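Here's a quick walk through a few spots in this structure. Have it open beside you as you read.

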Amino acid sequence: MEFICELHTHSRFAGACSDKLTLQNMDSTARTKGIGIIGTGDFTHPKWFMEIKEKMASQGNGLFRLSGSNTRVNFILSGEVCTIFPKVKGGSAGMFDRTGNVAKIHHCILLPDLDTVAQVNEALARFGNPSIDGRPQLSMSAAELVETVMEINSDAFVFPAHVWTPWFGVFGSMGGFDSVEEAYEDQAKHIHALETGLSADPAMFWRISKLDKYAIISSGDAHSLPKLGREATVFEFGEKELSYGAVVDAIKGRRVKRTIEFYPEEGKYHYDGHRKCGVSLSPEDAKRYNNICPVCRKKFTLGVLHRVDGLADRGEGYVPEGAQRYTHAIPLNEVIAFVSGKGVASAYVADAYSRLVERFGTEFNVLLNSSIDSIRESDPKIAEAIGNVRSNRVSIKPGYDGVFGVIDILKPVDPGAQRKTAYGQRTISDL
Ligand SMILES: [Zn+2]
Ligand SMILES: [Zn+2]
């Protein structure tokens with residue numbers, strides 16, 4: 001049985017996160033979307049951890065369900081932290097001019113039981129104040145973090161979050177590292193998975209041979225309920241074998257079935273440029289300007305594509321043997337908003353969303369599984385848009401320097417042409 005898994009979430013106690021992010025709302029939203037396993041997020045935050053202890057019922061397998069809920073949504077104890085530490089050794093000097101000598105890296109942590117969470121929280125509180133933010137800042141190195149957590153419970157699982165994000169990704173262009181080994185030092189042996197983040201998809205990882213050994217995870221990292229599961233990781237388990245250990249073992253054994261991905265061009269850091277100067281360009285064009293902005297004469301914010309290009313030892317389009325499968329998707333409320341021209345938070349969109357989910361069971365059934373013909377019976381335009389997204393017939397203006405990309409899912413394209421981007425045309429068919 002297929003389980004759609006959203007491992008990286010946040011509570012209402014994390015910076016810039018919606019008040020509606022409660023465990024009850026996360027449970028019902030996961031049910032509506034068809035997410036089978038969802039992270040609690042933010043277990044380091046004292047108030048949120050209190051709620052988790054009060055409201056979650058252990059299933060005896062390392063997973064939890066909301067007490068009194070009749071949904072079958074499984075929660076996994078998860079959190080995200082930011083380690084801040086001086087870079088002792090780092091990067092290939094010259095290729096990327098990094099700002100300062102401090103690395104700020106985001107990591108996700110999964111834990112198997114509440115007692116371990118309590119111990120991890122106590123240990124991490126020595127390195128920062130967990131009450132300030134659901135995603136606490138810790139003055140410790142990436143290696144110290146992993147060592148601290150793994151010493152408390154060797155069943156813990158740590159993975160670097162959104163690895164390409166310029167400022168907080170382990171490989172980010174601003175203060176990131178060139179390899180997992182440089183970042184995690186002797187603790188790199190405990191790192192088995194990398195999270196893509198919104199601005200990257202697995203095909204970009206395939207260009208870097210030293211990343212072949214890692215499982216690729218995708219998560220929504222949502223700051224509000226509708227964005228839960230906008231990226232996700234799919235596993236196949238027998239219903240009885242489902243457990244915390246089964247999830248972790250599937251990742252370690254590289255048995256991820258597939259990931260569900262944003263179009264990477266839609267992410268906020270795909271291209272290079274300056275938001276304030278209104279300058280956005282491809283890595284190739286940025287290099288022509290020596291990565292210096294012609295408007296303000298300062299260095300561009302280099303996006304994910306540039307960074308991947310710099311580390312790549314394989315050409316675009318290379319597919320390694322045993323490459324993990326993936327599918328692109330766009331949240332249903334955004335599809336409806338686009339097609340109707342109405343606001344994403346409008347009553348119209350909420351209505352149309354409910355009708356489709358009622359008919360097809362879950363949002364992911366509409367987006368991924370139901371036949372386009374059956375969706376057409378409900379709404380021909382939405383069916384056309386979903387068909388286009390499924391087959392990559394979309395047109396995208398890439399995001400840059402914190403600005404989200406802009407996607408057109410109804411633009412007629414030449415037959416056979418797929419995924420037209422503003423920087424030309426390329427074809428990456430889903431495997
Ligand atoms: Zn993060
Ligand atoms: Zn500028």
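(Buried means under 20% relative accessible area, exposed over 50%, and partly exposed in between, with a 1.4 Å probe and protein chains only.) You'll find threonine 301 in the loop between helix H8 (283–288) and helix H9 (304–311); helices (H or I, at least four residues) and strands (E, at least two) are DSSP runs, numbered from the N terminus.

A word on the ground rules: this is a predicted model, where local features need pLDDT of at least 70, side-chain atom pairs count only at pLDDT 80 or more, and totals for chains, interfaces and linings use all residues. Residues are numbered from 1 along each chain as its sequence is written, chains are lettered from A and ligands numbered from 1 in the order in which they are written, and side-chain values use heavy atoms, with hydrogens and water left out.

Back to threonine 301. Setting aside neighbours within four places in sequence, its contacts (heavy atoms within 4.5 Å) include Pro166, Trp167, Met174, Tyr269 and Asp401.

Aspartate 401 sits in the loop between strand E16 (395–397) and strand E17 (406–408). Alanine 16 isn't a glycine either, and has a positive phi of about 60°. Its loop runs between strand E1 (2–6) and helix H1 (23–33).

Here's how some of these residues score for accessibility:

| Residue | Relative accessibility | Class |
|---|---|---|
| Alanine 16 | 72% | exposed |
| Arginine 275 | 45% | partly exposed |
| Aspartate 401 | 10% | buried |
| Glutamate 51 | 12% | buried |

Glutamate 51 belongs to helix H2 (residues 46–55). Beyond its neighbours within four places in sequence, glutamate 51 touches Arg12, Phe13, Leu23 and Met56.

What about arginine 275? Its place is the loop between strand E13 (272–274) and strand E14 (279–281). Together with Lys268, Lys276 and Lys298, Arg275 forms a positive surface patch. (Patch residues have over 30% relative accessible area and no salt bridge, and like charges are joined within 9 Å; a salt bridge is a side-chain nitrogen of Lys or Arg within 4 Å of a carboxyl oxygen of Asp or Glu.)

Terms used: Patches are made of residues with over 30% relative accessible area and no salt bridge: like charges are joined within 9 Å, nonpolar side chains (Val, Leu, Ile, Met, Phe, Trp, Tyr) within 5 Å. Accessible areas come from the Shrake-Rupley method with a 1.4 Å probe; for residues, only the protein chains shown count as cover. Lys and Arg count as positive and Asp and Glu as negative; His and the chain ends are not counted. The place of a charge is taken as NZ of Lys, CZ of Arg, CG of Asp or CD of Glu.
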